[in-house]
Amino acid sequence: MITVRLKHIIVLIHITTIFDRSLENNQISDSKVIMKRQEETLAGWNIVWWLFKLFGLPITIPWLVYHFYDIMQQKRRRSALSKKVVMITGASSGLGEALAHVFYSSGCRIILVSRRKEELERVKNDLMDTHQTVLTYPPIVLPLDLTDINNLKNEVSKAIMIHGRIDILINNAGISYRGEVIDTNVDVDIKVMLSNYFSQVALSKIVLPYMIQQQSGHIIGISSIQGRIAIPFRSAYAASKHALQAWYDTARAELADKNIKFTVVNPGYVKTSLSLNALTGTGQVYGVMDKTTENGYEPKYVAKCILKSVLKQEKEIIIAPFSPKCAIILRTLLPSLFFWIMQKRAKKLAHNK
Ligand SMILES: NC(=O)c1ccc[n+]([C@@H]2O[C@H](COP(=O)([O-])OP(=O)(O)OC[C@H]3O[C@@H](n4cnc5c(N)ncnc54)[C@H](OP(=O)(O)O)[C@@H]3O)[C@@H](O)[C@H]2O)c1
C-alpha cells in the first residue's frame, strides 16, 4: 500500500516538474513574442516620430507661433476698439442686430439705425441687459428711412455730434428681391437699388468728411456672394450688390491717403428675415422663409467674422461654403461654363415654380 502511494507521489512530482518546465518554456516564448511586438511597436513609433520631425515640426511650430501671435494681435486690436463710435444700419434685426451685440460687447459706442424705432429700442435694451459688465455708453437709437436720401444729412450729423466723432460705419441695411427680369416693374429695380446701393453711398458721403477730419475711419459695406456672381431670379438684388463692390473698390483707392479703410463683406446665406422681407417683381412682400436662408449661417457667426475682418483691416471677405467660392472662381476663369450652369439653373427653377 505504502509502495503504491509512493509510486503515485513520484508520478505526481514528475508530472508537476514536466508541467513547470513546459510553463517556463511557454513563458519564455510568450515573453519573446511580447518583446518582439514591443520592438515592432517601438519601430512603428520611431517612424511616426521621424515623420513628425521631418514634416510635422516645420509646419506645426510656425503654425503655433503664428496662431499665438494672431491671438495676441487680435486681443491688442480688440482693446483698441474700446470706445470707438460705430454706426450700424439695419440694426433692428438679423445680421445688423448680431453686429450690434458683437461690437457693443467689445466696448464700442453704438448708434443703431433702421426704420422701426420700437425694434431699435428692443435691441438697445437687449444690449444693455445682456452685456451689463461692458464699460461703454448706452446705445443711441436713430430711426431713419435710409432711402429718404435728401433727409439723411441732418439726422445723421446730429447723431454723430452726440459723441463728437464716428470711427466705424457698417452699411448693413438692405432688402432682397425674388422675380423674373421680364415681369419685374422698373420701380422695383429702382427701390432695390435705392435701398441697397444709393443709401449706402449717400450715408458714406455724409460720414466721410468727419472721418477725413479725424484722419481715420473705416466703412464696411455688407454686400453678398451675389455681389460677385449673379444668379437667376435675383437680377435687382445682384445688380445692387455688384454696384456696391465697384463703389467700394474705387473709394478705397481714392481715400487710402486719408487713412480711411473700406471693407466689403460677401456673405453666403444667413439665417435672417431677408427672404421674408424680400420684394417680388410687382413690389409686394415675398413673405416666404426660403430653405437656403433658413439653413444659412447663424448671424452671430457672420458678425464675429466681420469683427475679425475689421480688426485686421481686410479689404474684402467672403463668408461662404466651398461651392459659392468655386462659383466665383469659375465666373472669372471659365465664364462660359458658369453661364451655361446658370442657364440650366434658370430653366430648372422656372420648371419647379
Ligand atoms: N440673410 C442673408 O442670407 C444675406 C446674405 C448675404 C447678404 N445679406 C445682407 O445682409 C444685410 C442685412 O440683412 P439681413 O439678412 O439681416 O436681413 P433682415 O433681417 O431683413 O434685415 C434687414 C435690415 O435692414 C433694415 N432696412 C431695410 N430697409 C431699410 C431702409 N430703407 N432704411 C433703414 N433700414 C432699412 C431693416 O430694418 P427696418 O425694417 O427696421 O428698417 C432690417 O434691420 C443686407 O444688406 C443683406 O443684403 C444677407
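Helix α9 (residues 322-333) and helix α10 (residues 335-352) pack at about 125°, and their axes lie 5 Å apart. This is a predicted model, where local features need pLDDT of at least 70, side-chain atom pairs count only at pLDDT 80 or more, and totals for chains, interfaces and linings use all residues. Numbering starts from 1 along each chain as its sequence is written.

**The α9/α10 pair**
- That angle makes α9 oblique to α10, since oblique is what's left after under 35 degrees (roughly parallel), over 145 (roughly antiparallel) and 65 to 115 (roughly perpendicular).
- A327, L330 and R331 of α9 meet P335, L337 and F338 of α10; contact puts C-beta atoms, placed from the backbone, within 7 Å.
- Five of these contact residues are nonpolar, none polar and one charged.
- Helices here are DSSP runs of H or I, at least four residues, numbered from the N terminus.

**Around the ligand**
- The ligand has 31 residues around it, with G90, G94, R115, G174 and T272 the closest; near means a C-beta atom, placed from the backbone, within 6 Å.
- Helix α2 (residues 94-104) gives the largest share of this shell, three residues.
- By class, the shell holds 10 nonpolar, 17 polar and four charged residues, and Gly counts as polar.

- An unreviewed UniProt entry puts a "transmembrane region" at residues 47-65.
- Residues 47-65 are 100% helix and 0% strand, with 26 Å between the end C-alpha atoms.

How values were computed: UniProt positions renumbered as here; feature names shortened; annotations may be inferred. Helix = DSSP H or I, 4+ residues; strand = E, 2+ residues; numbered from the N terminus. Axes fitted to C-alpha atoms, helices over the stretch in contact; angles between N-to-C directions. Contact = placed C-beta atoms within 7 Å.
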